[in-house]
Amino acid sequence: MGKLECLAVFVICVSLEFVNISAIEISKLKTSYFDQTIDHFNFRSNSNQTYKQRYLYTDCFLHQHVHEPTRGENILDLVLSSNDCMVEDLIVHEQFASSDHNFITFKLIMDTVVTSWRDYYYDYRRGDFKVMRSKLKSVNWFAAFENISVEDQWSFFRCKLEEVVLKHTPLKKSKKVNKPLWWSKAVDRARKRKLRCWKTYRQSHSQYDFLRYKSALDDSTKTLRAAKRAFERRLALGIKDDPKSFYKYARSKMRTKETVGPLVDCNGQVVLDDEINAKMLNEYFVSVFTEENVHEIPVCDSLINDDVDVLGNVDLSEEVVLKKLLGLHHDKAPGPDDVYPVVLRNLADVIAQPLSLIFSQNQYWKKGSPMLFYTGNEGDITSFANNTGIMFEFGENLTAYIVFAEHRYYGESLPFGNSSFNGTNIGYLSIEQAMADFAVLIKYLKTKLGKNTPVICFGGSYGGMLSAYMRFKYPNLVLGAIASSAPILSVSNNVPQSYFFEDVTKDFEDVNKDCPVLIKSAFDIAGKLADQGTVGLKKLSSTFRLCSPMTQKSEVSHLYGWIRNAFTYQAMLDYPYATSFIGHLPGYPVNVSCELMLKNKKNLLEGLAEANAISYNGTGDKKCFDMYAEYMECADPTGCVGSIAWDYQACTEVVLPSGTDGESSMFPYLPMTPEMRKTYCELKYGVTPRTDWLNVNMWGQDLNYVTNIVFTNGALDPWQRGGLTKPIGSVEYYLIEQAAHHLDLRGSHSKDPQSVIDVRKKELQAIRRWLQKGK
């Protein structure tokens, strides 16, 4: 048994006021206790009260529970039940609204079936979206979506999103709102005053207390009406900004609801079955439709060529998906996927990629179309896939199959797990072994897609070298290659190795001729402070906001390397728009750094610190910097990005630029001569660099017999002089003005210079020529 508090209006209530009218008729009064029906009994106005009560209470087996006046000194309101134990704690209160009757509350004792109320719900607006982004960003969507259907890809994405969102979204307790929307504190105060006056009057029955009650009643009514009018006025004025609330309130005031009631069939019988009702409605609507002559339907003239694939150019790139997600209204209800728009909008930057992949990647591949194969670089393949959007654009254009292959010993491709870099285990890391991995993968994929599937390799920087090398070494598997910013002459030791930091300096000089001079002067100031000992080191540590202040002068060289590394990546990634490829950088970061240096001419050290922070604190959320975690000294002075694998490769077969001599560039003296590298590598890994190996094994600059390769370089890229600078034989070469490190491989962007747009067209044309010749 349960207790349910009710108002009298929700149960059988009869006002004896109506007895003064000619009659009151209660038809088919059914009592649940005896399950009997009493038909047609009448109360006549000339009948005596005792008879009426006896008829109701005794003959109908009902019990009356109201025993005190409900209008003045009279009992004119009834609460009837078939069992005298069904009603408890009945209280007669003050008058009900504008009526002169009092309202009654009581507890109804009965068996109940309680529908569960959702006490808590997810408060998505207060979700920890920062943590959600971090979790979703760590998912390797390419690996997760590999070799599964689009439906399974969507299921995986949906489950992963729900798992992350629900874990980091707080629950909020539902508020059971019993008060009207227009209820206010003023209304509440007026109502409580009215109740107090009513209770006082009921105890004293004095005229004075009655007048006080009437005054409080009038005040309560006026306050209530004013609150209601003010609420409705706010709704009306805000209809443009919040139409949902306006129409919800308007619908709540409608006396009738637009619903389909029971229908009457042709026999006059009421039909209550929903399925039969639906069939009757369908038959009716069919009967009033005009029947068309389907044999003489006119044929419209076609407005397009039959050869044109109307949906062939639907753009589902990551940028388009991101724009659509950011355009969602956060206050809307979820769609069929049950994902709230507020979640999609807040996580747009991390879910645009998997959604783009689900709706684009390889679903347009057709048998016989090419495979576009990215030869992985020195890092997690996900990062390169996220920043090589042109492959998806070309893939859609060519109906190609897209593959991003991770390089061994990088990302998750660790052959010996956490022990991959221990002892002799690292000895299996080489360019030849990585290329063999790619070759084996290509052969395997051809067994799935077709043995004659043409393969075009793509790569940027070290990945560009590998894509060209795959064409050199495996022409039976690879039809052609797009090698962007590939320093194949530098790594094979065919150019002077001092070019790199000279060209970094030139990038800054091209922005403003005073910029590198100011940077060099700032380094000189830092050097003088370092010579001052503890005081100077403390000043440097404070200026550069180091988490762990320097205590020894020997640490200053690491500080210099850390700062040089920041400017190196700014020059390499000097894109016209903000990116998050290697750190978060603004558009044209070299320009931004130079502006900071020029702005801080009177405090160059502060300017240097601010310019340095661009590379390491692009999000602006770091309070201090750990220069040892953010920069690792290694065999590559251009930066190892914290990678032991790349450090090892720089010690074995990849020749890299020398350090800085303090004269030919804007950087201080931080040398890395061949002799220094040899000593470093022998001590750390027990290996001696083979500085001539790639010149022999990977052809060096002898490219006269190479075909089907496009080499590109950006004019702003400090690696430019390390690669081809002109066409050789049948090899195509393009220098892209206003472009930095492999900008042509990134997805199309509204801020792309025309030069990169033109080169992408030439790359696509070259691929089409190769495919045509290869048939």
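Apart from its neighbours within four places in sequence, S484 contacts G459, G460, S461, G464, T712, H742, D744 and L745. The model is a predicted one. S484 belongs to strand β17, which covers residues 480–484. With a relative accessibility of 0%, S484 counts as buried, since the limit for a buried residue is under 20% relative accessible area. The side chain of S484 is joined to that of D744, one of the residues listed above, by a polar contact of 2.6 Å.

The protein has 775 residues, of which 44% count as buried. Its secondary structure consists of 27 helices and 21 strands. Where contacts join residues at least 6 apart in sequence, 64% of them are between residues at least 24 apart. The accessible surface amounts to about 43,200 Å², and carbon and sulfur atoms account for 53% of that area.

The largest nonpolar core contains 166 residues, and the members that touch the most others are Y469 and F711. Helix α20 supplies the largest share of this core, with 10 residues. When neighbours within four places in sequence are set aside, the contacts of F711 are A468, A483, A486, I488, L703, L724, V731, E732, Y733 and Y734.

Helix α18 spans residues 515–531 and has 17 residues. From the first C-alpha of α18 to the last the distance is 25 Å, close to the 24 Å expected at 1.5 Å a residue. The buried residues of α18 are C515, P516, L518, I519, A522, F523, A526, G527, L529 and A530. These residues pack against five helices, namely α17 (499–511), α19 (534–543), α20 (556–572), α21 (589–599) and α22 (604–616). After α18 comes G533, which has a positive phi, near 85 degrees.

Aromatic pairs number 37 in the structure. One of them is formed by F523 and Y560, whose ring centres are 5.6 Å apart and whose planes make an angle of 85 degrees, an edge-to-face arrangement. Because F523 is in helix α18 and Y560 is in helix α20, this pair ties together parts separated by 37 residues in sequence. Both partners are covered: F523 counts as buried at 3% relative accessibility, and Y560 is buried with a relative accessible area of 12%. The two residues also take part in a cluster linked by ring pairs, which is made up of Y499, F500, F501, F508, F523, Y560, F567, F667 and W719.

A further buried position lies in a loop. V79 is placed in the loop between β6 (63–64) and β7 (80–81). The relative accessibility of V79 is 1%, so V79 counts as buried. V79 and V66 are 13 residues apart along the chain, and their C-alpha atoms are separated by 6.2 Å.

Note on methods
Residues numbered from 1 in each chain as written. Predicted model: local features only at pLDDT ≥ 70, side-chain atom pairs only at ≥ 80, totals over all residues. Heavy atoms only, no water. Helix = DSSP H or I, 4+ residues; strand = E, 2+ residues; numbered from the N terminus. Expected span 1.5 Å × (residues − 1). Buried < 20%, exposed > 50% of the residue type's maximum accessible area, 1.4 Å probe, protein only. Contact = heavy atoms within 4.5 Å. Phe/Tyr/Trp six-rings, centres within 6.5 Å; stacked < 30°, edge-to-face > 60°. Core = buried A, V, L, I, M, F, W, Y, C linked by side-chain atoms within 4.5 Å. Polar contact = N/O pair within 3.5 Å; in protein donor to acceptor, adjacent residues only side chain to side chain. Areas by Shrake-Rupley, 256 points an atom, 1.4 Å probe, with all protein chains shown as cover.
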